[in-house]
Structures are given as C-alpha cells and as structure tokens.
Amino acid sequence: MSESVLQSKYAVAETCTRMAVHADQREWDLLRGLFADKVLLDYTSLAGGEPAQFTPQEIVDAWASTLSGYDATQHLIGNQLVHIDGDRALCTASFQATHRLADAHGSPLWTLGGSYRWELARSGDRWLIDTVVMTAVWGDGNRGLSVRAAGR
C-alpha cells in the first residue's frame, strides 16, 4: 500500500473521529468545518423518519441544542475501516455513546451502541463528510434523557 493511500486512510479516519470529539467538546466551529456543503444524515434507526440533507450550520445548530443540554457526552469510535476510491472514501466504525444528565429522574445515564458509516469527498488536501449513517444496535439506561436535555 502506498504512503499516499495510507495518509488518505489516516486522514479519513481522523476526520470521522473528530466528528465525535468536537461534538463532545462542544467545539462547534471545528465540527462545522468537517462537513461538505450538503450532508445526508440518516439517524432513522434511532429516531425514525427519513434521511435528510442539511448544511453544516444546520447540523451544528441541531446538535448544539441537543448535546448542550447534557452535563456531558462521550462518543467513542473504534474498529474503523477505510476504503479509498479516488476522491471518494468510505469509513465504517463501531460506536458507543454515553450521555449524562445528573439531575434526571431515574438513571443519569443513557448509553447507545451501534455503527457509523461515513462517506467523504476529497476537497483539496482535506476530506469532508457528505453522508453520515448511524445504525443503533443497542441501548441501555434512561432514553428519556434526550427529551430532558433538549428542553434545557
């Protein structure tokens, strides 16, 4: 495998990991910079509905309003596999996301596990996310925290 392909695979995996890190750290400007002009988001396995396209600002606004309502979140990404095809990339990974809201009724934690599939496009020397598919496989704890966090 050539050094260029290895560098591209690393850059793709890091971009996808940064999505989780910047969201958890509430680094909204950095998060916004990871996305292409239009992004297809598919969280239907958790929320139902249909996949939809959003701008980076719309994604950040929605995630900031939800995630900022928690005391803390931690999205762990692992088992990343990256496939490069010219100026396109596909990254798949397992995830575990823990959400904490200490003053909730019931358990203060809600943990979700599953997989992510990201599609990215090369833009100059960067890779930008243009598709995010989250597939929830299991959950544990107080799922009602999401409603309480959104209302804070």
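Select strand 1 (residues 35–42) and strand 6 (residues 126–141): the two run parallel and are joined by four bridges. Strands here are DSSP runs of E with at least two residues, helices are runs of H or I with at least four, and both are numbered from the N terminus; two strands pair if DSSP finds at least two bridges between them. The model is predicted, with local features requiring pLDDT of at least 70 and side-chain atom pairs pLDDT 80 or more, while totals for chains, interfaces and linings use all residues. Residues are numbered from 1 along each chain as its sequence is written, and side-chain values use heavy atoms, without hydrogens or water.

Next, select D42, whose bridge partner in strand 6 is V133.

Turn now to the rings. Rings of Phe, Tyr and Trp (its six-membered ring) pair if their centres lie within 6.5 Å, with planes under 30 degrees apart counted as stacked, over 60 as edge-to-face and the rest as tilted. The count comes to five aromatic pairs. Select F35 and W63, an edge-to-face pair at 6.1 Å centre to centre with 80° between the planes. Because F35 lies in strand 1 and W63 in helix 4 (residues 56–67), this pair ties together parts 28 residues apart in sequence.

Both F35 and W63 are buried (under 20% relative accessible area, with exposed over 50% and partly exposed in between; 1.4 Å probe, protein chains only). Y43 is partly exposed at 22% relative accessibility, whereas W63 has a relative accessible area of 16%.

Finally, select F35, Y43, W63, F95, Y116 and W118, which ring pairs link into a cluster.
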